Amino acid sequence: MSTLSEIEAAADALSPAQKQELLLFLAARLRAEGATIPEPRMFAREEIGEWIAQDESDSERFKAGA
């Protein structure tokens with residue numbers, strides 16, 4: 001495998017347990033190389049409330065069969 005697309009295709013073929021093992025492997029390698037994790041994203045309470053309201057609305061429409 002020499003390209004990222006080949007690696008991605010191979011990863012798609014893995015079982016969920018193997019994907020988790022691969023993820024942990026990659027995370028360990030990144031930490032060993034000194035990689036930093038991204039800063040947490042901050043959302044306003046209003047924005048989260050809008051997402052929840054939209055999700056509930058979508059759920060009701062789904063239940064109604066629309």
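Which helix holds both Arg 61 and Asp 58, and how many residues apart are they? I started my notes there, keeping in mind that this is a predicted model.

**Entry 1: Arg 61 and Asp 58**

I found both residues in helix α3, which covers residues 45–64. Arg 61 and Asp 58 sit three residues apart, or about one turn of the helix. Next I looked up the contact itself: their side chains meet in a salt bridge, at 3.4 Å from N to O. Then I checked how open the two partners are. Arg 61 has a relative accessible area of 47%, so I put it down as partly exposed. Asp 58 comes out at 30%, so it goes down as partly exposed too.

**Entry 2: Glu 60 and Lys 63**

How many salt bridges does the structure hold? I get two. Besides the pair above, Glu 60 bridges to Lys 63, with 3.6 Å between the closest N and O atoms. Glu 60 and Lys 63 are three residues apart in helix α3, so about one helical turn separates them. Is Lys 63 buried or exposed? Lys 63 is exposed, because its relative accessible area is 61% and the cut-off for exposed is over 50%.

**Entry 3: helix α3 end to end**

I went over the helix as a whole. It has 20 residues, and I read 29 Å from its first C-alpha to its last. That is close to the 28 Å expected at 1.5 Å a residue. What follows α3? I see Gly 65 there, with a positive phi near 85°.

**Entry 4: Phe 43 and Trp 51**

I turned to the aromatic rings and counted one aromatic pair. Phe 43 and Trp 51 make it, with 4.8 Å centre to centre and 70° between the planes. I call the pair edge-to-face, because planes over 60 degrees apart count that way. Trp 51 is found in helix α3. Phe 43 has 33% relative accessibility, so it is partly exposed. Trp 51 is at 43%, so it also counts as partly exposed.

**Entry 5: the nonpolar patch**

Which residues form the nonpolar patch on the surface? My list reads Phe 43, Ile 48, Trp 51 and Ile 52. Together they have about 360 Å² of accessible area.

Terms used. Residues are numbered from 1 along each chain as its sequence is written. This is a predicted model: local features need pLDDT of at least 70, side-chain atom pairs count only at pLDDT 80 or more; totals for chains, interfaces and linings use all residues. Side-chain values use heavy atoms; hydrogens and water are left out. Rings of Phe, Tyr and Trp (its six-membered ring) pair if their centres lie within 6.5 Å; planes under 30 degrees apart count as stacked, over 60 as edge-to-face and the rest as tilted. Buried means under 20% relative accessible area, exposed over 50%, partly exposed in between (1.4 Å probe, protein chains only). A salt bridge is a side-chain nitrogen of Lys or Arg within 4 Å of a carboxyl oxygen of Asp or Glu. Helices (H or I, at least four residues) and strands (E, at least two) are DSSP runs, numbered from the N terminus. The expected span of a helix is 1.5 Å times one less than its number of residues. Patches are made of residues with over 30% relative accessible area and no salt bridge: like charges are joined within 9 Å, nonpolar side chains (Val, Leu, Ile, Met, Phe, Trp, Tyr) within 5 Å. Accessible areas come from the Shrake-Rupley method with a 1.4 Å probe; for residues, only the protein chains shown count as cover.
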